[in-house]
Amino acid sequence: MTEDVAVEDAVEEELLTIGAFAARSRLSAKALRRYDRLGLLAPAHVDEVTGYRYYRAGQVERARLVALLRQLDMPLARIAEVVEAAEAADGDTAAGLLAGYWADVEARVAGQRTLAAYLRGRLSGGSSQMYETFAVETVEVPAQVVITERRHTLADELPSWIGASLGRLEAAARECGGVAGAPFVVYHAEVSMESDGPAEACVPVADEAAARAWAERHGRPWETAVRVEPARTLAYTRISKAQVAHPQILAAFEAVERWIAGRAGLAYDGPCREVYFADWDAAGPEDPVCDVAFPVR
């Protein structure tokens, strides 16, 4: 027996058929073939004549990790990132990637939970009980100079636009004496999947002259303007990050409207708004982040 043949025989002894490897790794042969196509778990050897796939015993750990991550419904692209970090002995990075994914899952589930509660109330005719879960109060807000962006947008585009526009306006405000109050979004007309507003993102600023100069220099591409928001009385209810998503946020708006309708002599005094008083990125799904409000007089 030549040295090459001996090496080949030794290699063959280390390989497992796809069936044997599937049994060890607790993945189906169908899943293994799919992960091979996606480059997530390639076989160690593919017979050129038969097309049979063979795996090394040392690949079992990777396969089992893939199987466990799939049980979390993790997308294959994110599984690849976790597995690569784990195999590079970068456990902190792998754990961080998993933690980030799970935070996204929890945020999504929290949003779905509040949406389910909203829909149950509508479908069961229990809207009154649903509205009673929102505590409505009033607050006096002084006049403010605000730098604004206005845009026509549908509901599915709204969250990304709010984040981007408030980010731009807060950066501008820091050049204009600083942010002088909680950012807010005003809805001048309905925003839904059929109606596109417009909506207006607003950030209070400390220096009106500097803000007007900034808007003149930079604001045209974003429809940026500066105006004085008058002193107002707001009727509002405070909601969590999970409740901000559309359409469950509609329950909060409807609760405030219902509260106003039940107060004799109280009338609307301007368009509705969302006031964002917390650090959105740092907040968890159940943390309060936003006041849903209507100006009243």
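Predicted model: local features only at pLDDT ≥ 70, side-chain atom pairs only at ≥ 80, totals over all residues.
Let me begin with a pair of side chains, Arg-273 and Glu-229, which meet in a salt bridge with an N to O distance of 2.7 Å. Arg-273 sits in strand E10 and Glu-229 in strand E8, residues 224–229, so this pair ties together parts of the chain that are 44 residues apart in sequence.

Side chains of opposite charge can pair when their charged atoms come close. By the rule used here, the count comes to 11 salt bridges, among them one in which the side chains of Arg-62 and Glu-87 meet at 2.6 Å, N to O. Here Arg-62 belongs to helix H4 and Glu-87 to helix H5, and the two residues, 25 apart, link distant parts of the chain. Arg-62 counts as buried because its relative accessibility is 17%, and buried means under 20%.

A further pair is Arg-297 with Asp-269, whose side chains form a salt bridge at 3.6 Å, N to O. Arg-297 is in the segment after E11, while Asp-269 is in the loop between H10 and E10, so that distant parts of the chain, 28 residues apart, are again linked. As for accessibility, Arg-297 counts as exposed at 60%, whereas Asp-269, with a relative accessible area of 30%, is partly exposed.

Arg-62 brings us back to helix H4, residues 60–70, where the buried residues are Val-60, Arg-62, Ala-63, Val-66, Ala-67 and Leu-69. What do the buried residues of H4 pack against? They pack against helices H2, H3, H5 and H6, and also against strand E3, which spans 53–56.

The largest pocket has a volume of about 1,000 Å³ and is lined by 36 residues, with Ile-162, Tyr-187, Val-244, Glu-274 and Tyr-276 lying nearest its centre. The elements that give two or more residues to this lining are helix H8 (158–174), helix H10 (249–261) and strand E10 (273–276), and H8 gives the most, with seven residues. By class, the lining of the largest pocket comprises 23 nonpolar, five polar and eight charged residues.

The second largest pocket has a volume of about 190 Å³. It is lined by 15 residues, and those closest to its centre are Val-141, Gln-144, Phe-184, Leu-234 and Val-275. Strands E4, E9, E10 and E11 each supply at least two residues of this lining, with E9 giving the most, namely three. Sorted by class, the lining of the second largest pocket has 10 nonpolar residues, one polar and four charged.

Finally, a closer look at one residue of helix H8, Ser-165. Is Ser-165 buried or exposed? Ser-165 is buried, with a relative accessible area of 0%. Its side chain reaches the backbone oxygen of Ile-162 at 3.2 Å, and Ile-162 is one of the residues that lie nearest the centre of the largest pocket. Leaving aside residues up to four places away in sequence, Ser-165 touches Glu-149 and Ala-201.

Terms used:
Residues numbered from 1 in each chain as written. Heavy atoms only, no water. 1 Å grid on protein atoms, 1.4 Å probe; cavity = no way out; pocket = protein on both sides within 12 Å on 5 of 7 lines; lining within 4 Å. Points joined across faces, edges and corners; volume = space filled by probe spheres on them. Helix = DSSP H or I, 4+ residues; strand = E, 2+ residues; numbered from the N terminus. Nonpolar A, V, L, I, M, F, W, Y, C, P; charged D, E, K, R; others polar. Buried < 20%, exposed > 50% of the residue type's maximum accessible area, 1.4 Å probe, protein only. Contact = heavy atoms within 4.5 Å. Polar contact = N/O pair within 3.5 Å; in protein donor to acceptor, adjacent residues only side chain to side chain. Salt bridge = Lys/Arg side-chain N within 4 Å of Asp/Glu carboxyl O.
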